[in-house]
Amino acid sequence: MSQGYYDQGEAGYGAQPVPQGNPSAVVSLVCGILGCIPLVTGLLAVIFGIVGLNKARDPYVSGKGMSIAGLVLGVISLIGWGGFGAIVYVGWDAFGKPTKAAIEFAQELSRGDVDAAMARTTGIARDKLVADSDAIKASGPITSLGPQSFNKTAVQGQPETLKMSGITVRQDGKNGTFTMTLTRVGDDYKISDYSFK
């Protein structure tokens with residue numbers, strides 16, 4: 001055997017196979033990084049991260065690190081968007097829901113739809129609603145309310161109340177002011193006192 005000559009079979013015997021790619025790991029990492037679409041990309045990152053980790057158990061498949069990174073980023077995205085959603089819901093329940101009830105009540109009363117307005121109240125006589133509806137209609141329809149202050153009161157054993165005041169936005173542009181007290185009844189807010197000027 002001459003020097004420099006080697007057996008091709010012997011040299012190839014100890015060579016390691018090239019690891020295969022792991023598309024699931026790549027998708028998981030990309031979705032984790034793009035966690036900007038609420039819940040969707042985070043959920044995809046978690047799912048593909050788990051699939052990528054399962055594939056990476058095979059010693060000839062790469063991508064374990066990318067799968068773990070995508071999975072972690074996906075979990076962070078889900079927790080972040082979940083927390084943000086909870087904050088938005090609490091804010092809507094505390095202020096958005098009563099504001100919507102107050103606006104709809106004011107619009108119905110200013111249009112003369114006393115029955116619809118009365119359905120949004122608690123403890124207010126129909127005669128008062130009719131008289132106030134006639135007076136408000138004379139000034140022009142209310143299109144919206146601009147709440148400027150909120151004062152929430154929660155006393156144990158009593159219904160939660162919210163006092164709201166601000167401006168009335170009228171169709172003719174002649175804005176006024178309002179004060180309103182809303183009482184929580186079950187999951188809704190009902191108007192228990194009001195004043196439009």
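**Entry 1: the model.** I note at the start that this is a predicted model.

**Entry 2: strand β3.** I looked up residues 176-185, which make up strand β3.

**Entry 3: β2 beside β3.** Next I checked the partners of β3. Strand β2 covers residues 161-170 and pairs with β3 in the antiparallel sense, over eight bridges. I found G166 opposite F178 of β3. The two strands form a hairpin, and five residues lie between them. In that turn, G173 has a positive phi of about 85°.

**Entry 4: β4 beside β3.** Strand β4 takes up residues 188-196. It pairs with β3 in the antiparallel sense, and I again read eight bridges. Here M180 stands opposite Y194 in β4. Two residues separate the strands of this hairpin. G186 takes a positive phi there, near 65°.

**Entry 5: helix α6.** I then turned to α6, residues 126-139. Its 14 residues reach 20 Å from first C-alpha to last, close to the 20 Å expected at 1.5 Å a residue. Which residues of α6 are buried? I listed L129, S133 and I136. Seen down the axis of α6, the buried residues fall within an arc of 75°, so they line one face of the helix. An α-helix has 3.6 residues a turn, so residues three or four places apart point the same way. On the other side of α6, D127 and A138 are exposed.

**Entry 6: after the helix.** Just past α6 I came to G140, which takes a positive phi of about 110°.

Definitions and conventions
Residues numbered from 1 in each chain as written. Predicted model: local features only at pLDDT ≥ 70, side-chain atom pairs only at ≥ 80, totals over all residues. Heavy atoms only, no water. Buried < 20%, exposed > 50% of the residue type's maximum accessible area, 1.4 Å probe, protein only. Helix = DSSP H or I, 4+ residues; strand = E, 2+ residues; numbered from the N terminus. Pairing = 2+ DSSP bridges. Expected span 1.5 Å × (residues − 1). Arc of directions from axis to C-beta.
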